[in-house]
Amino acid sequence: MEAVALRYAESLFDLAVEVNQIEAYVKDIDLIREVFESDPNFVPFFSHVLIDDETKCALLDKSFKGQVNDYVVNFLKLLVKKRRMRYVMEIIKAFKSLTNEYFGIQEGILYASYDISEAEVKEVETALSKKENKTIHLRVVKDPSLIGGIKVEINNRVFDGSIKNKVSLLKKELLRK
């Protein structure tokens with residue numbers, strides 16, 4: 001499964017490098033990711049065998065033509081015709097990983113219990129970029145269970161400054177004594 005996603009992602013990445021439009025492809029792929037994440041029924045629809053490929057391709061054209069590079073739309077149509085649409089989210093993840101490696105970027109998730117401003121996100125990104133010696137880009141996810149503070153995940157590492165974590169550490173310390 002991962003091998004399939006990686007193979008298709010590498011093909012799209014190689015095309016982006018060949019036409020010298022890596023950044024444009026990244027934006028297009030981000031838009032496609034947002035669309036497919038917005039409704040969990042999209043991937044099963046485009047993967048369903050009883051719906052003919054022409055209908056799926058026409059819907060892709062209607063949805064993305066003019067907003068996304070034609071090569072990227074054709075790539076999605078190829079996934080439909082090769083019955084690989086069920087891997088689209090994994091392909092997108094692998095593509096993002098390849099482009100991030102190319103640009104020296106690490107992506108992470110910033111969890112906050114409240115609405116966090118863009119300036120605050122930039123401050124956290126800057127601080128972590130200095131600490132990690134790489135460019136850090138964070139995607140914000142609202143998590144009310146944190147009570148307060150923030151938690152950041154980057155490459156399976158967690159930087160937890162949430163009140164929930166501090167209370168948990170305090171509880172462990174008190175129970176230990």
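Tutor: Buried means under 20% relative accessible area, exposed means over 50%, and partly exposed lies in between. Keep in mind that this is a predicted model.

Student: Is E107 buried, exposed or partly exposed?

Tutor: E107 has a relative accessible area of 35%. Buried needs under 20% and exposed needs over 50%.

Student: Which side chain meets E107 in a salt bridge at 3.2 Å, N to O?

Tutor: Side chains of opposite charge can pair when their charged atoms come close. A salt bridge needs a side-chain nitrogen of Lys or Arg within 4 Å of a carboxyl oxygen of Asp or Glu. At 3.2 Å, the partner of E107 is K96.

Student: How many residues apart in sequence are the parts that E107 and K96 tie together?

Tutor: The salt bridge joins the side chains of E107 and K96. E107 lies in strand β1 and K96 in helix α6, so the parts tied together are apart in sequence by 11 residues.

Student: Is K96 buried or exposed?

Tutor: The relative accessible area of K96 is 9%. The cut-off for buried is under 20%. K96 therefore counts as buried.

Student: How many residues line the largest pocket?

Tutor: K96 and E107 turn up here again, with K93, S97 and N100, as the lining residues nearest the centre of the largest pocket. The pocket has a volume of about 1400 Å³. The number of residues lining the pocket is 41.

Student: Which element gives the largest share of that pocket's lining?

Tutor: Several elements each supply at least two residues, including α1 (2-18), α2 (22-38), β1 (105-112) and α7 (118-132). The largest share is 12 residues. That share comes from α6.

Student: How many of the residues lining the largest pocket are charged?

Tutor: The lining splits by class. It has 15 nonpolar and nine polar residues. The charged residues number 17.

Student: What space lies in the largest cavity?

Tutor: The structure holds one cavity of 30 Å³ or more. Its lining takes two or more residues from each of α2, α5 (70-81) and α6. The space in the largest cavity is about 40 Å³.

Student: To which class do the residues lining the largest cavity belong, nonpolar, polar or charged?

Tutor: The lining is made of I29, I32, F75, L76, L79, V88, I91 and I92. Val, Leu, Ile and Phe count as nonpolar. With no polar and no charged residues, the eight lining residues are nonpolar.

Student: What accessible area do V17, Y102 and F103 have together?

Tutor: These three residues form a nonpolar patch on the surface. F103 is in helix α6. Patch residues need over 30% relative accessible area, and F103 has 35%. Together the three have an accessible area of about 270 Å².

Student: In which loop does R83, with its positive phi, lie?

Tutor: R83 has a phi of about 60 degrees, although this residue is not a glycine. At 38% relative accessibility, R83 counts as partly exposed. Its loop is the one between α5 and α6.

Student: Is N133 buried or exposed?

Tutor: N133 sits in the loop between α7 and β2. It is not a glycine, yet its phi is positive, at about 60 degrees. Its relative accessible area is 70%. The cut-off is over 50%, so N133 is exposed.

Student: How far apart are the C-alpha atoms of E23 and Q67?

Tutor: E23 lies in helix α2 and is exposed at 55% relative accessible area. E23 and Q67 are 44 residues apart along the chain. Their C-alpha atoms are separated by 15 Å.

Student: How many salt bridges does the structure hold?

Tutor: One of them joins K65 and D70, with the closest N and O atoms 3.7 Å apart. That distance is within the 4 Å cut-off, so the pair counts. The total for the structure is 12.

Student: Which residue meets K142 in a salt bridge?

Tutor: The N to O distance is 3.3 Å. K142 lies in strand β2 and its partner in the loop between β1 and α7, so the pair ties together parts that are 27 residues apart in sequence.

Student: Which residues do salt bridges that share partners join into one network?

Tutor: The pair E107 and K96 meets in a salt bridge. Both belong to the network. Its members are D30, R33, E37, K96 and E107.

Definitions and conventions:
Residues are numbered from 1 along each chain as its sequence is written. This is a predicted model: local features need pLDDT of at least 70, side-chain atom pairs count only at pLDDT 80 or more; totals for chains, interfaces and linings use all residues. Side-chain values use heavy atoms; hydrogens and water are left out. On a 1 Å grid over the protein atoms alone, a cavity is a set of points where a 1.4 Å probe fits but cannot get out, and a pocket is an open set with protein on both sides within 12 Å along at least five of seven lines; lining residues have an atom within 4 Å of a point. Grid points are joined across faces, edges and corners, and a volume is the space filled by probe spheres set on the points. Helices (H or I, at least four residues) and strands (E, at least two) are DSSP runs, numbered from the N terminus. Patches are made of residues with over 30% relative accessible area and no salt bridge: like charges are joined within 9 Å, nonpolar side chains (Val, Leu, Ile, Met, Phe, Trp, Tyr) within 5 Å. Accessible areas come from the Shrake-Rupley method with a 1.4 Å probe; for residues, only the protein chains shown count as cover. Buried means under 20% relative accessible area, exposed over 50%, partly exposed in between (1.4 Å probe, protein chains only).
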